[in-house]
Amino acid sequence: MADGGRAARQRAAAEALGVAVAARVPVLLWGAPGTGKTSAIRAMARAMDWPCETVIASIREPSDFAGLPVVIGQDVRFAPPVWARRLAEAGHGLLFLDELSTAPPAVQAALLRVVLERVVGDLELPPNVAVVAAANPPEQAADGWDLSAPLANRLCHLPWDIDPLAVADGLAGGFPAPQVPALPERWEAEQHLALALVAAFLHARPALASAPPTDAASAGRGWPSPRTWEMAARLWAASGAAGVSGEARSALVVGSVGDGAGAEFLAWLMEMDLPDPEAVLADPSSFRLPKRADRAYAAVAAVAAVVEADPTPQRWQAGWQVLGLAANSAPDVAAVAARVLARCRPDGVALPAEVRLFAPVLRDAGLLHS
Amino acid sequence: MTTPGAGGGIAGLAAARLWAAARFPYLASGIFGARVVAAPGIGTVAVDPGWRLWADPELTANWTAAELGSVLVHHVCHLLREHGPRAGPAGVRPDEARTWIRSADAEINDDLVPAGLTLPGDPVLPQHLGCPSGQLAEQYFIAGRGRTADRGQPGTGHKNGAQSGGGGAGGELDCGSGADGFGRPWDSSQPAVLPPWQARLLQRLVAQQVLAAKQAGDVPAGLLRWAADLLTPKVDWRRALAAELRKAVADTAGAVDYSYRRPSRRAAAVGNVVLPALRRPVPEVAVVCDTSGSMSDDLLAASLAEVEGLLGALGLARSLRVLACDTAVGPARRVTSARQVELVGGGGTDMGAGIAAAAVLRPRPAVIVVLTDGYTPWPDSAPRGSKVVVGLLGDEAPDAPDWARAIRVPS
């Protein structure tokens with residue numbers, strides 16, 4: 001049980017990795033050395049039967065990514081290394097950049113175009129090449145650098161938190177390969193929907209559209225920018241189409257735009273599922289109480305709050321009708337909102353019949369003073 | 001249809017939840033978020049990490065709405081404050097789970113009981129553990145562990161007194177796996193009511209509502225602190241200092257980095273290819289320590305040790321020079337350990353003098369680390385050719401100038 005959360009996180013990270021590869025979004029696994037990041041990625045490539053080119057970024061030179069400058073007559077050509085040629089010829093494959101955080105700054109700079117645009121020197125890799133990277137947190141690698149903010153902003157960051165039980169099973173029976181889901185044809189269309197959702201969210205919270213990190217430590221992880229929001233939308237659509245767990249979907253969003261902004265977006269999405277309180281007041285009979293009690297509470301509290309903000313007799317009575325509908329299945333939830341409505345009774349309006357529904361539960365709770 | 005969580009078989013649950021939501025409106029989302037399940041025969045009310053409350057109907061039958069509601073609030077606080085996941089990092093062994101739960105109870109109860117929580121039995125309060133109020137469960141736990149070890153009788157620390165969720169008739173009640181992270185027979189096979197990511201969202205929502213209720217003025221201070229810490233997580237100053245120092249060293253030195261400024265020595269062998277050369281200047285680092293009377297020795301030693309450890313990891317420990325500075329500057333000393341630093345100063349403070357003295361050292365330091373309490377005049381600009389990282393020690397240190405990278409080191 002103590003490790004239940006960990007096992008779930010590990011499963012979610014593997015699922016999220018598969019979705020990111022399927023959606024061709026560059027992804028970076030963060031984990032301590034020796035926790036099986038490399039073997040998981042290689043196993044994933046084997047399971048897909050894709051060629052996998054492993055490039056250890058920390059022992060490479062910038063020219064391995066920016067192309068080797070070769071003087072030919074009057075020109076300087078940037079010759080791509082042979083691993084890039086192999087991927088280009090295969091037409092698809094996995095480019096695995098290992099040890100990203102121990103790569104010197106000049107190498108990280110050279111990687112910028114490789115990671116996002118898949119351009120190596122003068123060669124453009126085909127769109128079916130997925131970029132996957134792995135890194136050790138700087139505090140765990142002896143000579144680690146923090147990832148530069150521009151490079152960090154091009155990747156979806158997933159924590160690779162190893163589950164001891166999975167290790168025990170893996171040692172005995174081999175490690176399961178993360179699955180890359182097959183995305184249905186229509187998923188690209190769903191991306192427009194996801195982009196519209198993100199756009200609506202950013203209208204509501206413009207400060208989160210772009211928030212470059214202010215300190216060096218958080219610069220090396222996901223942070224909100226127009227690019228990462230687009231990435232988050234793409235991953236949201238792909239993960240929805242692939243039907244992965246909510247845990248994995250949330251890991252993908254948080255990994256793209258960072259902890260704070262990601263959580264705000266997810267919370268906003270859940271709020272979107274609640275009925276619009278003004279629409280409910282206009283037509284109380286349309287109100288359907290959400291099943292989960294905390295969501296039900298959020299829905300009726302929202303209705304009570306908009307009535308309290310503008311308590312005209314008509315709105316006030318409509319509010320009571322809504323609570324009357326909720327009182328049957330969740331008397332306690334509705335009674336909390338009823339107390340709010342009771343406080344803002346407009347002058348000269350008679351008490352509605354619904355009030356009586358709440359008397360028993362209020363009395364039991366010791367809140368009714370006769 | 002009954003709303004999930006309305007608790008089949010637990011009499012008076014609706015009234016209890018209403019009491020709780022009315023008494024602690026800022027926790028209402030959390031209170032309704034937990035699903036209550038009747039579990040006859042377990043003899044307690046317990047919570048699991050998946051936001052499920054297991055209640056023995058026989059036990060709760062005699063409780064008032066206020067008592068059952070208080071137990072609900074108490075358990076929701078176990079979840080909100082993540083006592084289950086925190087037990088592992090705090091080093092709690094299975095045989096110490098009771099001590100940990102009592103510590104966690106004290107963290108919850110110390111400000112909610114004064115705010116109106118009416119738990120059945122005698123709730124655990126910090127004074128029962130011999131501790132002042134307002135501390136974290138980890139602190140109570142260390143104190144409690146020391147006490148049981150003194151007596152040599154593990155377990156006696158929690159035999160007397162009712163507990164936690166509340167005890168009827170002096171019996172002991174178990175708060176469950178949501179409070180200590182160790183599975184219980186009744187919950188280990190159950191899937192979570194709220195998957196972890198939704199639990200995190202709910203936790204943030206409650207924290208936002210707690211902060212929003214701040215104006216009303218009746219929110220306990222401990223809860224406000226919890227909410228503020230959750231929504232604006234404090235960056236560990238050690239991590240921040242490490243990152244700034246690594247960055248300063250990397251920026252100035254480029255450590256092992258490639259440059260086309262000079263052709264590679266191997267260029268001759270490969271004809272028409274331009275190869276970059278490796279350059280690795282070893283940066284010099286100087287540390288200026290504020291030794292004025294207002295400084296705290298402990299903080300200075302802690303941050304100096306941290307700087308030293310970092311530079312050691314970067315392979316720069318040998319080049320560390322330390323200057324003690326108040327208004328005058330002591331001679332630069334090359335030190336190999338933080339223990340060798342003597343705090344010689346006293347009196348007034350001027351870090352500008354220290355920075356100026358560090359900047360004229362030869363070889364010139366590429367990175368100057370200033371450890372100060374911030375009560376000092378600063379020069380108008382950074383010294384030429386050196387990066388400055390300022391460690392501001394203490395909670396109330398004023399800001400450092402813009403040209404320096406500042407890290408706050410709370411006491």
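This is a predicted model: local features need pLDDT of at least 70, side-chain atom pairs count only at pLDDT 80 or more; totals for chains, interfaces and linings use all residues.
Modeller: The axes of helix H11 (residues 246-257) of chain A and H12(A) come within 7 Å, crossing at roughly 135 degrees.

Biologist: What does that angle make H11(A) relative to H12(A)?

Modeller: Oblique. Angles over 145 count as roughly antiparallel and 65 to 115 as roughly perpendicular, with oblique for what is left once roughly parallel is set aside too. The crossing at roughly 135 degrees therefore makes H11(A) oblique to H12(A). As for hand, H11(A) passes H12(A) in a right-handed crossing.

Biologist: And in chain B, at roughly what angle do the axes of H9(B) and helix H10 cross?

Modeller: Roughly 125 degrees, for H9(B) and helix H10 (residues 221-231) of chain B, whose axes come within 9 Å. H9(B) is therefore oblique to H10(B). This crossing is left-handed.

Biologist: On to pockets. Which residues lie nearest the centre of the second largest pocket?

Modeller: A:Tyr297, A:Ala298, A:Ala301, B:Ser29 and B:Gln209, out of 42 lining residues. Elements giving two or more residues to that lining include helix H12 (259-272) and helix H14 (293-309) of chain A, along with helix H1 (13-23) and helix H9 (196-212) of chain B. H14(A) gives the most, with nine residues. The volume of this pocket is about 1,100 Å³.

Biologist: How many residues of that lining are nonpolar, polar and charged?

Modeller: There are 28 nonpolar, four polar and 10 charged.

Biologist: Where in chain A is confidence lowest, and where highest?

Modeller: Look at pLDDT. Chain A has a mean of 86, and 94% of its residues reach 70 or more. Within chain A, the lowest confidence is in helix H9 (residues 216-219), with a mean of 66, and the highest is in helix H10 (residues 226-242), at 93.

Technical notes
Residues are numbered from 1 along each chain as its sequence is written. Chains are lettered from A and ligands numbered from 1 in the order in which they are written. Side-chain values use heavy atoms; hydrogens and water are left out. On a 1 Å grid over the protein atoms alone, a cavity is a set of points where a 1.4 Å probe fits but cannot get out, and a pocket is an open set with protein on both sides within 12 Å along at least five of seven lines; lining residues have an atom within 4 Å of a point. Grid points are joined across faces, edges and corners, and a volume is the space filled by probe spheres set on the points. Helices (H or I, at least four residues) and strands (E, at least two) are DSSP runs, numbered from the N terminus. Ala, Val, Leu, Ile, Met, Phe, Trp, Tyr, Cys and Pro count as nonpolar, Asp, Glu, Lys and Arg as charged, and the others, Gly among them, as polar. pLDDT is the predictor's confidence in each residue, from 0 to 100. Axes are lines fitted to C-alpha atoms, for helices over the stretch in contact, and angles run from 0 to 180 degrees between N-to-C directions. Angles under 35 degrees count as roughly parallel, over 145 as roughly antiparallel, 65 to 115 as roughly perpendicular and the rest as oblique. A crossing is left-handed if the near helix is turned anticlockwise from the far one by less than a right angle, and right-handed if clockwise.
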